[in-house]
Amino acid sequence: MSLSYIGTQLTIYVGSTILIAGILGNGINIFIFSSVRTYRNTPSTFYFLVGSIHNLLYLAINLTFRIVSVGSGFDLTRTSLAWCRARSFFLSTCSAISFTCSCLATIDQFLATSQSAHLRRYSKIELAYRIVLVTMVVWYLQGIPWILYQNISPISTTCARTNAIYAIYVSVYLLLVLCVIPVVVMIGFGFLTYRNIRLTIALAELRADRQLAKMTLIQVVLVIISIIPYGINNAYGLITTGMTKDANRILIESFVSTIVSLISYLYYMGGFYMFLISSSRFRHVMSFNNHYSNETLTQQERGTQRRRATASALLYNSLSNSDDDLSESQHSNRINKDPVYQDDSFFFY
């Protein structure tokens, strides 16, 4: 049994499993983050919503056609120049936007849990809207060279980079933008967020440290497992460009690239399952949505659900002692307006 045959079978069966699980998981993420009012108004979950949409697009555009081409031998990028360029454009932009949103969500959690009121003010949904808009414009503009310099090679009849400088740019882009920068940002701000939580009494009373630490660390672990091998493989390819290789080495490298590529798809597929495993709040929202629509809940019912999930009664009692003249609704408004007390954001990253 050759490595080529094994790689083909892995692509078809493992790839199909990842595709189905990814479409299902990202679809549920999109439904939850867009239908639950509290999460629509939280910056970090808005970033997750945008990221899930682009994860879904990435899997549908890339993995679907890869499985079809490997399984049937029909590759549309070999016969259609328009699809060759369009596929390259969407893959470069969808992956970059997804990683950027993951980084932004981590940064937002750092801001939301900061002891500095000045930093907490930057964790606002209005600002998140503007940041995402700028992010999408920048990455879509960056994708223009992928349209201009992708062509069907007359020699190999494959969709290839025909410009030498552009080919080097793509290799560096894949290494930095899709590996090094996201890993460094998520690890760095994840650590800073965890430190903020440990130093902030209010967050400790909300028990947000345990939930947030678990979700952050698991998400970082997912990125490390799925993306770092992809970055190493791209770095190896960049270093060995121009070297003479025999047929056996080329076969081995092709097999390794297949394995690494499949592993990298775990990032685009695994977000929902990481949230489901690590967050009781996320599981609670899923089960709750099976019976009621969050949009029809009264303010008192939403408060009850939050108190059961986060033990926020401790914080409420603390506020009551210091502000006896405030009504219950004013206490609730005070909690909801300050990013430090927005418990829902802490249960999603």
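Select Leu-10 to begin: with a relative accessible area of 25%, Leu-10 is partly exposed (buried means under 20% relative accessible area, exposed over 50%, and partly exposed in between, with a 1.4 Å probe and protein chains only). You are looking at a predicted model, in which local features need pLDDT of at least 70 and side-chain atom pairs count only at pLDDT 80 or more, while totals for chains, interfaces and linings use all residues. Residues are numbered from 1 along each chain as its sequence is written, and side-chain values use heavy atoms, with hydrogens and water left out.

**Stop one: around Leu-10**

Leu-10 sits in helix α1 (helices are DSSP runs of H or I with at least four residues, strands are runs of E with at least two, and both are numbered from the N terminus). Which residues does Leu-10 contact, leaving aside its neighbours within four places in sequence? They are Gly-15, Phe-255, Ile-259 and Leu-262, where contact means heavy atoms within 4.5 Å.

**Stop two: the whole chain**

Zoom out and colour by secondary structure to find 16 helices and two strands. Of the 349 residues in the chain, 47% are buried. Among contacts between residues at least 6 apart in sequence, 77% join residues at least 24 apart. The chain exposes about 17000 Å², and carbon and sulfur atoms supply 66% of that area (Shrake-Rupley method with a 1.4 Å probe; for residues, only the protein chains shown count as cover).

**Stop three: colour by confidence**

The chain has a mean of 78, and 77% of its residues reach 70 or more. Where is confidence lowest and where highest? Helix α16 (residues 343-346) has the lowest mean, 34, and α6 the highest, at 95. Select residues 311-349 next: pLDDT is below 50 there, and the stretch has 85 contacts in the model beyond near neighbours in sequence. Residues 291-301 also stay under 50, with 15 contacts beyond four places in sequence.

**Stop four: the core**

Now go inside. In soluble globular proteins, nonpolar side chains tend to be buried together. The largest nonpolar core here has 57 residues, and Phe-46, Tyr-47, Tyr-173 and Tyr-265 are those with the most contacts inside it (such a core is a set of buried Ala, Val, Leu, Ile, Met, Phe, Trp, Tyr and Cys residues joined through side-chain atoms within 4.5 Å). Elements giving two or more residues to this core include α1 (3-35), α3 (43-72), α4 (81-112) and α8 (164-199).

Centre on Tyr-173: apart from neighbours within four places in sequence, it contacts Ser-92, Ala-96, Trp-139, Gln-142, Trp-146 and Leu-178.

Then move to Tyr-58 in helix α3. Tyr-58 counts as buried because its relative accessible area is 10%. Beyond four places in sequence, the contacts of Tyr-58 are Leu-63, Leu-91, Cys-94, Ser-95, Tyr-265 and Tyr-268. Phe-90 is 32 residues from Tyr-58 along the chain, with 7.5 Å between their C-alpha atoms.

**Stop five: salt bridges**

The chain has three salt bridges, each a side-chain nitrogen of Lys or Arg within 4 Å of a carboxyl oxygen of Asp or Glu.

Start with Glu-253, which is buried at 17% relative accessibility. Its side chain meets that of Lys-245 at 2.9 Å, N to O, and that of Arg-249 at 3.0 Å. Arg-249 and Glu-253 are four residues apart in helix α11, which means about one helical turn separates them.

Next, pick Arg-78 and Asp-75, whose closest N and O atoms are 3.9 Å apart. Arg-78 is partly exposed at 39%, and Asp-75 is partly exposed at 24%.

**Last stop: a nonpolar surface patch**

Show the surface and select Leu-133, Val-137, Leu-141, Ile-144, Ile-147, Leu-148 and Tyr-149, a nonpolar patch with about 630 Å² of accessible area together. Helices α6 (125-142) and α7 (144-148) each give two or more residues to the patch. Patches are made of residues with over 30% relative accessible area and no salt bridge, with like charges joined within 9 Å and nonpolar side chains (Val, Leu, Ile, Met, Phe, Trp, Tyr) within 5 Å.

Key:
pLDDT = per-residue confidence, 0-100.
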